[in-house]
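Q: I would like to learn how to read a single-chain model, one feature at a time. Where do we begin?

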Amino acid sequence: MKNKIITAISTIMLFVPWTILPLRTFDWALESPVAEIMVYSYATFMIFSGIFSILSYTKGKVKSKLMQVCVAINSIYAIGAIAIIAMSITTLING
């Protein structure tokens, strides 16, 4: 039962980053302070979901085929989010 719940959570985490696309259609979401907050929030969530999926797969021993897919995709999301945050940090440092 625990394995199914963890797999369901990881599967839901696959689709959450795509919810930024409908949000970005609003004018208020494109303005400066809101846009940065949204991007950083989504990036933080993507990093968390990558770590959660990897730890669930390795330490929690949830080793189903769906969980393997979740680990792969959430890891790619996490790497992309780390790259986004790193690029924004270098932009802030270099001015």
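The dialogue below goes from the overall layout to single residues.

A: Bear in mind throughout that this is a predicted model.

Q: How many helices and how many strands are there in the chain?
A: The chain has 4 helices and 0 strands. Read from the N terminus on, the order of elements is α-α-α-α.

Q: What box do the C-alpha atoms fill, and what percentage of the residues count as buried?
A: Along the principal axes, the C-alpha atoms fill a box of roughly 45 × 30 × 15 Å. Of the 95 residues, 31% count as buried.

Q: Which residues make up the largest nonpolar core?
A: A core of this kind is a set of buried nonpolar residues joined through side-chain atoms within 4.5 Å. Here the largest one has 7 residues: Ile 6, Leu 14, Tyr 57, Val 62, Met 67, Cys 70 and Val 71. Two or more of these residues come from each of helix H1 (2-15) and helix H4. H4 gives the largest share, 3 residues.

Q: Why do Lys 61 and Lys 63 count as exposed?
A: The cut-off for exposed is over 50% relative accessible area. Lys 61 is exposed because its relative accessibility is 59%. Lys 63 has a relative accessible area of 52%, so this residue is exposed too.

Q: What is there to read in the phi of Lys 61?
A: Most residues other than glycine have a negative phi. The phi of Lys 61, in contrast, is positive, near 55 degrees.

Q: Which residues make a nonpolar surface patch?
A: Met 1, Ile 5 and Ile 9 make one, with an area of about 330 Å². Ile 9 belongs to helix H1. Its relative accessibility is 37%, so Ile 9 counts as partly exposed.

Q: How far apart are Asn 3 and Ser 56 in sequence and in space?
A: They are 53 residues apart in sequence, with 8.8 Å from C-alpha to C-alpha. Ser 56 lies in helix H3. Ser 56 is buried because its relative accessible area is 6%, and the cut-off for buried is under 20%.

Q: Where is Ser 49, and is it buried or exposed?
A: Ser 49 is in helix H3. At 0% relative accessibility, Ser 49 counts as buried. The C-alpha atoms of Ser 49 and Ala 8 are separated by 12 Å, while the two residues are 41 residues apart along the chain.

Q: Where is Ala 83, and what separates its C-alpha atom from that of Ala 43?
A: Ala 83 has its place in helix H4. From the C-alpha atom of Ala 83 to that of Ala 43 the separation is 9.4 Å, and along the chain these residues are 40 residues apart. Ala 83 counts as partly exposed, as its relative accessibility is 35%.

Conventions
Residues are numbered from 1 along each chain as its sequence is written. This is a predicted model: local features need pLDDT of at least 70, side-chain atom pairs count only at pLDDT 80 or more; totals for chains, interfaces and linings use all residues. Side-chain values use heavy atoms; hydrogens and water are left out. Buried means under 20% relative accessible area, exposed over 50%, partly exposed in between (1.4 Å probe, protein chains only). Patches are made of residues with over 30% relative accessible area and no salt bridge: like charges are joined within 9 Å, nonpolar side chains (Val, Leu, Ile, Met, Phe, Trp, Tyr) within 5 Å. Accessible areas come from the Shrake-Rupley method with a 1.4 Å probe; for residues, only the protein chains shown count as cover. A salt bridge is a side-chain nitrogen of Lys or Arg within 4 Å of a carboxyl oxygen of Asp or Glu.
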